[in-house]
Amino acid sequence: MSINTGIIGLAQSGKTTVFNALTGGKVEAAHAGAGLSPHIGIARVPEPRLKTLEGILHPQKITPVEARYTDVGASVKTLAQDKGLGGQLLNQLSAVDTLICVVRAFKDDSVPHPQGSLDVKRDIATLNMELVFSDLSIMERRLEKIEASMKSAKPGERQGFLQEKETLARFQEELEKDMPLRELPIDSVEARYVTNYQFLTAKPLLVVVNIGEEQLADAVALEAELAGERPGAKSRVIALCGKLEAELAQLDESAAQEFRADYGIKESGLERTIKASYELSDLITFFTIASGEVRAWSIKKGTTALKAAGKIHTDMERGFIRAEGISFDELVKCGNIPEAKKKGLLRLEGKEYIVQDGDIITFLFNV
Ligand SMILES: Nc1nc2c(ncn2[C@@H]2O[C@H](COP(=O)(O)OP(=O)(O)OP(=O)(O)O)[C@@H](O)[C@H]2O)c(=O)[nH]1
Ligand SMILES: [Mg+2]
């Protein structure tokens with residue numbers, strides 16, 4: 001499984017609708033329940049290069065990367081409840097790699113807005129604030145504990161506590177200025193604490209603005225306007241019509257494309273959403289060819305050939321001999337593998353080779 005994305009937002013913003021659209025699911029939208037009943041679904045990460053490879057290699061099967069989505073089924077405001085539901089929600093969100101925040105922009109008098117009126121910027125600010133508060137309260141509790149522990153700490157332990165205290169205090173200061181951790185430069189020592197406590201504002205954030213069908217023509221302008229509000233490499237804004245996308249997700253691809261053309265939608269909002277959550281998580285794709293299957297795999301940027309092999313099978317990592325690879329572009333230029341071999345473009349790489357996006361790799365191993 002590649003990445004795990006949590007879908008959050010205010011009540012009735014369209015979280016379940018967007019979840020259904022992403023995963024082709026059929027979870028009942030509409031009910032405004034207070035309980036926490038998460039839905040988990042799988043989406044295939046769009047990868048046009050797989051189609052090209054299919055044309056070149058004629059495999060029996062192509063397998064895309066899968067991404068997991070969790071619709072947490074509760075308003076992000078639930079986080080403010082320290083115990084019970086708030087704690088459960090925090091546990092669930094701590095486990096995800098990336099957050100999707102659904103913000104309502106569609107007009108519909110039959111769906112009440114929890115804030116009483118439509119205001120996309122206000123709702124984005126509210127969502128950010130809830131995430132900031134959640135992180136701050138974790139930090140406060142931890143800092144209190146550190147204070148208490150320092151009193152009885154042995155000299156050898158003091159240094160660690162001091163370092164943690166200093167880091168958390170810096171984080172706190174930034175959060176109080178409304179600066180999410182994802183936008184801070186973070187060194188390797190500080191990164192340890194981010195991993196430890198799984199701070200929500202440190203996770204990449206994709207804001208999905210859920211527009212109505214009649215707003216589709218303004219989607220691009222809306223995205224540009226909102227993206228300008230808070231630029232940053234770890235966050236992105238996408239406007240899409242959740243209801244329409246959820247309906248299209250139930251159709252076959254050619255029918256869906258026809259509908260999209262009718263609505264003047266160039267690229268599926270879903271594909272853009274899935275792609276964006278993948279990119280925000282710093283993932284790249286490599287491909288393998290084996291027993292009639294061309295398969296896409298996802299790894300973090302900077303992963304070595306050895307670790308990439310381990311992603312496929314632990315035996316491949318344990319018995320790693322070398323990797324044989326070619327870039328997607330070179331293979332396409334050559335037209336086929338034998339031609340690439342003749343031109344000497346099939347590279348032999350060792351354990352430490354950093355796998356590149358688009359590499360087509362065969363691992364040689366021995367166990
Ligand atoms: N008109 C219109 N209605 C929508 C759209 N997206 C969602 N809805 C409706 O808004 C209501 C809430 O949608 P859900 O997807 O259930 O929202 P949610 O955020 O999951 O709601 P809770 O889980 O109860 O917080 C449902 O009645 C949907 O049919 C849209 O783009 N246009
Ligand atoms: Mg829901």
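How many aromatic pairs does the structure hold? I went through the rings and got four aromatic pairs. My cut-off: rings of Phe, Tyr and Trp (its six-membered ring) pair if their centres lie within 6.5 Å, and planes under 30 degrees apart count as stacked, over 60 as edge-to-face and the rest as tilted.

Ground rules before I go on. This is a predicted model, where local features need pLDDT of at least 70 and side-chain atom pairs count only at pLDDT 80 or more, while totals for chains, interfaces and linings use all residues. Residues are numbered from 1 along each chain as its sequence is written, chains are lettered from A and ligands numbered from 1 in the order in which they are written, and side-chain values use heavy atoms, with hydrogens and water left out.

**Rings around F363**

I looked up F286 and F363: they make an edge-to-face aromatic pair, 6.2 Å centre to centre with 90 degrees between the planes. F286 sits in strand 8 (residues 283–290) and F363 in strand 12 (residues 359–365), 77 residues apart, and the pair links these distant parts of the chain. For strands and helices I use DSSP runs numbered from the N terminus (helices H or I, at least four residues; strands E, at least two).

F363 also pairs with F320, this time tilted, at 6.1 Å centre to centre and 55 degrees between the planes. F320 lies in strand 10 (residues 320–327) and F363 in strand 12, so this pair ties together parts 43 residues apart in sequence.

**Other rings**

I noted a cluster in which ring pairs link F171, Y197 and F199. Next I checked for charges over rings (NZ of Lys or CZ of Arg within 6 Å of the ring centre and within 35 degrees of the ring normal). R49 lies over the face of F328, 5.9 Å from the ring centre, and R295 lies over the face of W297 at 4.0 Å.

**Cavity lining**

Which residues line the largest cavity? I listed C101, V103, I124, L127, N128, L131, L205 and V207. A cavity here is a set of points on a 1 Å grid over the protein atoms alone where a 1.4 Å probe fits but cannot get out, and lining residues have an atom within 4 Å of a point. Helix 4 gives the most to this lining, with four residues.

Technical notes
1 Å grid on protein atoms, 1.4 Å probe; cavity = no way out; pocket = protein on both sides within 12 Å on 5 of 7 lines; lining within 4 Å.
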